[in-house]
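This report looks at strand pairing in one protein model. Please keep the sequence and the structure in view while reading.

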Amino acid sequence: MNTDLQTVTMMAGSLKAALEAAQAMVTLVGTGKARDQALKVQDEVFNAHQTALTAQVAQFALLDEKRRLEAEHVKLIAQIAEHDTWERERVRYKITRLSDGYESFGYTLKPGAEGDEDPHTLCPHCFEARKKRVLTGGGSVLGVETLKCSDCGFVAKVSRPMTSSPSVSLQTRHDVGGWMSR
Ligand SMILES: [Zn+2]
């Protein structure tokens, strides 16, 4: 409990006790001027108690707002850290054409950014969604080598089609109107 709330809660508690004492006094003093004064005291203490209760409610609301803002702050710090981490990764890669024969692309490490990492190709769709997903061998389909994303299912063609199968169409779900045209 914060100090202001503690103070106002203590105040409300004291005023409640004072109000009860004032109410008891009213029943004890009988009639006449003494009773009038006792009633006046009771009214004043009642008003003070109500004010303290209102202040207590306001303090609870302030405390709630403070907690909400603190949680929001923690969330934003985490988001900024995540953004920075991604930015550091993102700038190490460049979009690369994977095949002479197809409009087939993936992200590969820029020259000089390899470090101790082996060459690899990242899924362009997952990359746009700020995820690093390495394309792995999708096998050869009718003479066309492919790389596949195990996350989103994207298939990239990485070699020219066989000249003996000119009519073969290996359109994948991303190749037509895919990410380049979005
Ligand atoms: Zn993917």
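A residue counts as buried if 20 or more other C-beta atoms lie within 10 Å of its own, as exposed if 12 or fewer do, and as partly exposed in between, with the C-beta atoms placed from the backbone. Strands are DSSP runs of E with at least two residues, numbered from the N terminus, and two strands pair if DSSP finds at least two bridges between them.

## Basis of the model

The model is predicted, so local features need pLDDT of at least 70 and side-chain atom pairs count only at pLDDT 80 or more, while totals for chains, interfaces and linings use all residues. Residue numbers start from 1 along each chain as its sequence is written.

## The β1 and β2 pair

Strand β1, spanning residues 93–97, is hardly covered, with 0 buried residues among its 5. Its pairing with strand β2 (residues 105–109) is antiparallel and comprises 5 bridges, and Arg97 has Phe105 of β2 as its bridge partner.

## The sheet β4-β5-β6

An open sheet is formed by 3 strands in the order β4-β5-β6, with antiparallel pairing. Because β4 and β6 stand at the edges with a single partner strand each, one side of each lacks a neighbour in the sheet. From one strand to the next the twist averages 30° (axes are lines fitted to C-alpha atoms, and angles between N-to-C directions run from 0 to 180 degrees).

Strands β4 (residues 136–141) and β5 (residues 144–148) share 5 bridges, and Val141 is partnered by Val144 in β5. Their hairpin leaves 2 residues between the strands, and Leu142 in the turn has a positive phi of about 50°.

Key:
Helices (H or I, at least four residues) and strands (E, at least two) are DSSP runs, numbered from the N terminus.
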